[in-house]
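Below are some notes for a colleague who is opening this model for the first time. Please read them with the structure in view.

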Amino acid sequence: MGPVGLILMVIAVSAGVLTGLNGFYTATSRVLFTMGKAQMLPSQVSHIHPKHNTPVIAIVVTALLCLISPWFGRAALNWVVDMTSVGITIAYFYACYCAYKIARDGKLRSVQLETGSNPVQKWISLAGCILSLGFMALLLVPSSPGMLNTESFYALVAWVILGLGFFWMRSKVYLSQDEDELKKVVLQ
């Protein structure tokens, strides 16, 4: 299609990238907002703007992080991408494991909903668990083809230590909450 095809391709690729960035931005601000409501982060993060009904502090914090991160350079951004590969693999395993338990038991824990056992879903979700463990091994086992480079691995260790330290500092407040009240606050 010549130059017209090239322009259409640039528009399509740009739209794909921008919608992905917008989705990540929205998801990050919502996660921060929910963590503020659950008191895993300071409650100010869950402040709602009175006029626009949006989590303004969570959005501003996300914007500041997004504005600062490019100044660390391409190498540091690659470390972040590598670390998120590990995080996404853990999230994928957890989602598959939860689907496996629901398919196996036929019910959701602490929810009054009976779904019935589903052997097909059970085996598919078990396969997802095994695949995610394989992906995790590719990222973390030394000399595997997809192993994290040294800087990414150290950054991941530092991030995990930082997360555990932050959880330890906030755990007294977070763990002292009633489970039913916490579900109500987070899921409303």
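At roughly what angle do the axes of H1 and H2 cross, and within what distance do they come? The points below start there.

1. This is a predicted model, in which local features need pLDDT of at least 70, side-chain atom pairs count only at pLDDT 80 or more, and totals for chains, interfaces and linings use all residues. Residues are numbered from 1 along each chain as its sequence is written, and side-chain values use heavy atoms, with hydrogens and water left out.

2. The axes of H1 and H2 come within 8 Å and cross at roughly 130 degrees. Axes here are lines fitted to C-alpha atoms, for helices over the stretch in contact, with angles from 0 to 180 degrees between N-to-C directions. The angle makes H1 oblique to H2; under 35 degrees counts as roughly parallel, over 145 as roughly antiparallel, 65 to 115 as roughly perpendicular and the rest as oblique. Helices are DSSP runs (H or I, at least four residues), numbered from the N terminus.

3. Tyr-25, Thr-28, Ser-29, Leu-32 and Phe-33 of H1 meet residues of H2 including Ala-58, Ile-59 and Cys-66, where contact means heavy atoms within 4.5 Å.

4. The loop between helix H1 (2–37) and helix H2 (56–68) holds Ser-46. Ser-46 is buried, at a relative accessible area of 16%, and touches Phe-33, Gly-36 and Lys-37, leaving aside residues up to four places away in sequence. Buried means under 20% relative accessible area, exposed over 50%, and partly exposed in between (1.4 Å probe, protein chains only). Asn-53 lies in the loop between H1 and H2 as well, but is exposed at 60%. Its phi is near 55 degrees, a positive value in a residue other than glycine.

5. Helix H3 (residues 74–105) and helix H4 (residues 119–140) have axes that come within 8 Å and cross at roughly 160 degrees. That makes H3 roughly antiparallel to H4, and the crossing is left-handed. The contact of H3 with H4 has 16 nonpolar, six polar and two charged residues.

6. H3 also meets helix H5 (residues 150–175): the axes come within 9 Å and cross at roughly 65 degrees. This crossing is right-handed. Asn-78, Trp-79, Asp-82, Met-83 and Val-86 of H3 and Glu-151, Ser-152, Ala-155, Leu-156 and Trp-159 of H5 make the contact.

7. Which residues form the largest nonpolar core? Its six residues are Met-83, Val-86, Met-136, Leu-139, Leu-148 and Leu-156. H3 and H4 each supply at least two residues of this core. A nonpolar core is a set of buried Ala, Val, Leu, Ile, Met, Phe, Trp, Tyr and Cys residues joined through side-chain atoms within 4.5 Å. Apart from it lies another core, of five residues, among them Leu-32, Phe-33, Val-45 and Ala-58.

8. Ser-143 sits in the loop between H4 and H5. Its phi is near 70 degrees, positive in a residue other than glycine, and at 74% relative accessibility Ser-143 counts as exposed.

Definitions and conventions
A crossing is left-handed if the near helix is turned anticlockwise from the far one by less than a right angle, and right-handed if clockwise. Ala, Val, Leu, Ile, Met, Phe, Trp, Tyr, Cys and Pro count as nonpolar, Asp, Glu, Lys and Arg as charged, and the others, Gly among them, as polar.
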